[in-house]
Amino acid sequence: MSDPTPTAAMIDPQAQAARGRATREKVAASLKRRYRAERRFQAYGMLAVSLGILFVFFLFYSIVSKGYTAFQQTYVKLDVTYSAEDIDPAGRRLPADLEQGNYQAVVRAAMRAKFPEVEGRATLRKLYGMVSDAAYLELRDRVIANPALVGTSETVWVLADDHVDMVVKGQIDRDVPADQRQIDDEELGWLKKLEEDGRIDKRFNRGFFTGGDSREPEQAGVLGAVMGSFFVLVVTLLLSFPIGVAAAVYLEEFAPKNRLTDLIEVNINNLAAVPSIVFGLLGLAVFIQLFGLPRSAPLVGGLVLTLMTLPTIIIASRAALKSVPPSIREAALGMGASQVQTVLHHVLPLAMPGMLTGAIIGMARALGESAPLLMIGMVAFIVDVPQGFTDPATVLPVQVFLWADSPERAFVERTSGAIMVLLCFLLVMNATAVWLRSRFERRW
Amino acid sequence: MQTSTFILVLIGLAVLAYQLGRKRSLAVAGGPKGARNLHSLPSYYGLLTAIWCAVPAFAVLAIWHAFDTQIITGAVLQHMPAEVRALPEDKLGLVLNDVRNVVAGNVPMATAEPSVQAAAREWLRLESLSRLAAGGLALAVALAGAFLVWRRIQPQLRARNSVERVVEAVLIACSLIAILTTIGIVLSVLYEALMFFRVVPVTEFIFGTQWSPQMAIRADQVGSSGAFGAVPLFAGTLLISLIAMLIAVPVGLFSAIYLAEYANRRFRAVTKPFLEVLAGIPTVVYGFFAALTVGPLLRGVGESLGIEVASESALAAGLVMGIMIIPFVSSLADDMITAVPQSLRDGAYALGATRSETIRNVVLPAALPGIVGGVLLAVSRAIGETMIVVMAAGLAANLTANPLEAVTTVTVQIVTLLVGDQEFNSPKTLAAFALGLVLFVSTLVLNVIAQHIVRKYREQYE
């Protein structure tokens, strides 16, 4: 309004009003379109969010629907006779003799007794194949625990073979033509008869949680991998937490601002983004090739994962230290504490919950990591449950990778089952981190 | 004595030294009442004594352990028959391996050859000797260190300052591990890669279009010539990363916009953790999902449309990788969008812009550098991602831009070349390190650029 040179519009109020009207009309006419664009834009956003959530549900649904059956296993009821001539021909009932007994014959006799009409080598072998190899071991353990069983009969539930298990769980369809399923009509007939006699039952799959890896799906368990993961994480935690906290304390509380500390900072940020497989290459070249540490050992796995999780822990610990207000430090220094005393006695305890949260999140990341461990040979097929830091071992995610590669149909549910176990551990760790944060978080 | 028990003994000695040092400081100060005459608290005198007891002793042990195997190996060799010593390098290694196996108990002593048995006995004798010597030396060092400090304890001794210097040195050493790791990565990868480039020229590696990493065991073998042209791998990596970005960037960006600009607090509080769940799932789970659910699904859809889709198509791997990266993009974009000052938005609203116009024309351009930085970081994640592609992408090195065909990536090849028992120093193994070098350098460059952009952007609005 204070414009000193009056324009034509100002001189002529009518023209100005007309122009104002025209603008308003223009705006009003475009409003509909603009509001439509607004709604469209908002819908895109909503769509993106729902898509993300949909992915989460789809992922979990596909894993749970494939994997929940892994927690049950099919058992067959057999009437076995522990005939002395098969088990203990010498008749001494010594554990060493009993261990050598021919339990295969015992199981086979029980199967033959159930189906006396079966003849011919190939058919018989098929019949025997309905029961898992684990049945022999089970019987052996029973007899060794109780030698009085020799010469008697009893009814036992033994593991069924994986293809029987798949049929019972409905993962192999009985109605498809015989050439499209892995079990033939004869075997289905036997299975039907067993089911009619009430000799087939699905029970909780204890072996899945107490067994090591196996080539036979029905015997494969996750305990070996869980223990391997445990040992690896212990090494990782024991190394990365103290080192990470110490590095963070130095950088945050002591380091002078100079080229070296700048370099360290840039370095840590970059290391946090280096692909994990590169750490595997480092581990292979340095720990195994140069230092000669054993392959497949949790110790080496822990070292590699330490290097990988260190940046995460350092960054989280620095954030925790930063959140401690300077007044705490000033008060301690004012009371005559040295800098080391200030940090160790006052700042560090206050920052500890934040650091622990960071450490747990780093550990959760390490638990889910598999690529660098492939490089250092933790992919070997290992049946025994590892007992220490240098035993050959594998870890849960690598076990998932190994089973996912196995051709047997029954390994699909095992893999999903192992994934569910892994996700449970991750859930617990993350929940602990969240709880810790909410319990001890302090607003200054 | 076992090393572990010896370490326990040393720790016990250190605890003892702490007590003695503490007592001594009080004694020289003239009892508990004289403690005020001391320069430092009594516990610092104890700590100083303990440090001088334990640290040099552990250092001696560590140095001894680093060298003793080599020395023992040399000494055992001297005792072996002359014809064994005259063997060429690799044969000699085999013999020594036999000896080591007997020593470790992997092979029973009785089944080994006589010369190996003798060597193993010699080895065991030297080993126990070396352990004894190391133990004795470390013990002497520990006692001497503790004694020297113990004698020097006086009220004027600045024990706290000395202890704190040690603490600070430890802190510095810990923060240097990050640099050591980087140096270790660069050196190990570079060294092996240079060995590889001695066999295969760099130009062939970078520009060659044939990849079949076979090396002949015998020179006259059929198909003895390996090809190490990595272009198909680079192309495959880029193709899968591109597909992943096509999923992750729109979904991630739009959900970040929605959550930051439209959603109310409650919706945000419920939805954000859900999206972040995607970031916490191990990649091997995504790999399984891609290989067993998405791959067959795409194949089925393709069949019903009459298109042939490879069961290990680039599309399946890229799609799932995109899902994995969504939370990464969305949380970074969220940060960047919320960092845009409210005044910019208010200005746009005052001019009559709708919300979406404000976002498109004001907020996004302002946040663009940060978002670009975030996307670059996401690309480097996609390039370095391993498990999804190992499980869901193929092994065949096809040079194609068709996402329905199988392609292979740099990380897949590194894994396939290095998993299983391979001898070091064959071109096949070394090729993996050359690929690792490419991977490391490319992700490093992306990260440095991205972090630079992001930092510049953050400074702009601070």
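Guide: Start with helix H9 of chain B: its buried residues are covered by, among others, helix H2 (13–67) of chain A and helices H8 (231–262) and H11 (314–339) of chain B. Keep in mind that this is a predicted model.

Visitor: Which residues of H9(B) are called buried, and why?

Guide: They include Leu275(B), Val277(B) and Leu278(B). The word applies because each has 20 or more other C-beta atoms within 10 Å of its own.

Visitor: What makes 22 Å the expected length for H9(B)?

Guide: Helix H9 (residues 265–280) of chain B has 16 residues.

Visitor: How do you know that chain B touches chain A, and how many residues take part?

Guide: Residues count as in contact if their C-beta atoms lie within 7 Å. By that rule, 67 residues of chain B are in contact with 65 residues of chain A. Helix H6 (residues 159–199) of chain B gives the largest share of chain B's side, 19 residues. That side divides into 43 nonpolar, 19 polar and five charged residues.

Visitor: What are the domains of chain A, and how far apart are their centres?

Guide: Chain A is divided into domain 1 (70–205) and domain 2 (223–440). Their centres, taken over C-alpha atoms, are separated by 46 Å. The contact between them takes eight residues from domain 1 and seven from domain 2. On the domain 1 side, four are nonpolar, two polar and two charged.

Key:
Residues numbered from 1 in each chain as written. Chains lettered and ligands numbered in written order. Predicted model: local features only at pLDDT ≥ 70, side-chain atom pairs only at ≥ 80, totals over all residues. Domains from an automatic or database assignment. Contact = placed C-beta atoms within 7 Å. Nonpolar A, V, L, I, M, F, W, Y, C, P; charged D, E, K, R; others polar. Helix = DSSP H or I, 4+ residues; strand = E, 2+ residues; numbered from the N terminus. Expected span 1.5 Å × (residues − 1). Buried ≥ 20, exposed ≤ 12 C-beta atoms within 10 Å, placed from the backbone.
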